[in-house]
Amino acid sequence: RWQVFELSWLDTHGKPQVATATLLVPADSPSLIESKSLKLYLNSFNAGRFADAEAVRTRIEADLSRAAGAPVVLTFGLPRQGTPDAAFCIDTLDVAIDHYGPPDAALLQADASQPVEETLHSALLKSNCPVTGQPDWADITVAYAGPRIDAASLLRYLASFREHAEFHEQSVERIFTDL
């Protein structure tokens with residue numbers, strides 16, 4: 001999973017530096033990096049002096065890899081936006097949905113007689129922050145090889161997060177594990 005953020009620090013002469021960066025955290029890391037805690041951590045760089053952007057990148061990767069228990073990668077710049085070219089957008093499916101929580105992996109269906117390699121995409125993932133109650137929205141892309149996932153069942157499953165209170169990072173990890 002990835003997260004985009006803005007980061008600032010001071011160069012060795014005290015001049016402010018600003019960058020947009022993308023953080024990649026393995027979905028199977030033993031610990032999650034909660035977004036609000038990440039923001040507080042990154043804000044601690046505002047007054048820090050670094051020789052260059054590479055020193056900032058190295059420091060953040062080391063700290064967050066230790067926290068996550070898995071290798072974290074930071075790249076400066078934004079990830080490619082929009083639906084991946086080869087992805088099928090499941091949001092346009094004509095599907096009746098009546099279950100909005102709690103998340104239910106039993107909604108997922110796959111056809112083992114049809115092994116495929118495909119990419120599915122949805123911009124409809126929503127859960128609620130358990131601390132603030134505020135909604136967390138996300139796009140999700142599932143690139144996989146194996147038994148064909150029934151796209152309608154995946155959409156129903158993703159909708160089952162809508163009234164669920166869980167950190168978004170945990171929801172994404174749950175989806176990865178359930179799939």
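In the predicted model, Y41, F45 and F50 are joined into a cluster by ring pairs. Four aromatic pairs are found when the whole structure is searched. One of them is formed by W9 and F76, whose ring centres are 6.1 Å apart with planes at 45 degrees, so this pair is tilted. The two residues belong to distant parts of the chain, W9 to strand 1 (residues 2-10) and F76 to strand 3 (residues 73-76), with a separation of 67 residues. W9 has a relative accessible area of 5% and is buried, whereas F76, with a value of 32%, is partly exposed. The rings of F45 and F50, by contrast, have planes at 20 degrees and centres 5.5 Å apart; because planes under 30 degrees apart count as stacked, this pair is classed as stacked.

At the start of the helix, a side-chain oxygen of D52 comes within 3.3 Å of the backbone nitrogen of E54. The residue that follows helix 2 is G69, which has a positive phi near 75 degrees. The buried positions of helix 2 are V56, I60, E61, D63, L64, S65 and A68.

Six salt bridges are found in the structure as a whole. D63 takes part in a salt bridge with R59, in which the closest N and O atoms are 3.1 Å apart, and in another with R66, with an N to O distance of 2.7 Å. Both partners lie in helix 2 along with D63: R59 is four residues from D63, about one turn of the helix, and R66 is three residues from D63, also about one turn. The relative accessibility of D63 is 16%, so D63 counts as buried; R59 is partly exposed at 42%, and R66 is exposed at 60%. A network of salt bridges also links E54, R57 and E61.

In helix 4 (residues 168-178), the buried residues are H168, E169, S171, E173 and I175. Their cover includes helix 1 (35-43), strand 5 (110-128), strand 6 (135-149) and helix 3 (151-159). A further salt bridge joins the side chains of R174 and E166, at 2.7 Å from N to O. Here R174 is partly exposed, with a relative accessible area of 29%, while E166 counts as buried at 11% relative accessibility.

Notes:
Residues are numbered from 1 along each chain as its sequence is written. This is a predicted model: local features need pLDDT of at least 70, side-chain atom pairs count only at pLDDT 80 or more; totals for chains, interfaces and linings use all residues. Side-chain values use heavy atoms; hydrogens and water are left out. Buried means under 20% relative accessible area, exposed over 50%, partly exposed in between (1.4 Å probe, protein chains only). A polar contact is a pair of N or O atoms within 3.5 Å; within protein, one must be able to donate a hydrogen and the other to accept it, and residues adjacent in sequence count only if both atoms are side-chain atoms. Contact means heavy atoms within 4.5 Å. Rings of Phe, Tyr and Trp (its six-membered ring) pair if their centres lie within 6.5 Å; planes under 30 degrees apart count as stacked, over 60 as edge-to-face and the rest as tilted. A salt bridge is a side-chain nitrogen of Lys or Arg within 4 Å of a carboxyl oxygen of Asp or Glu.
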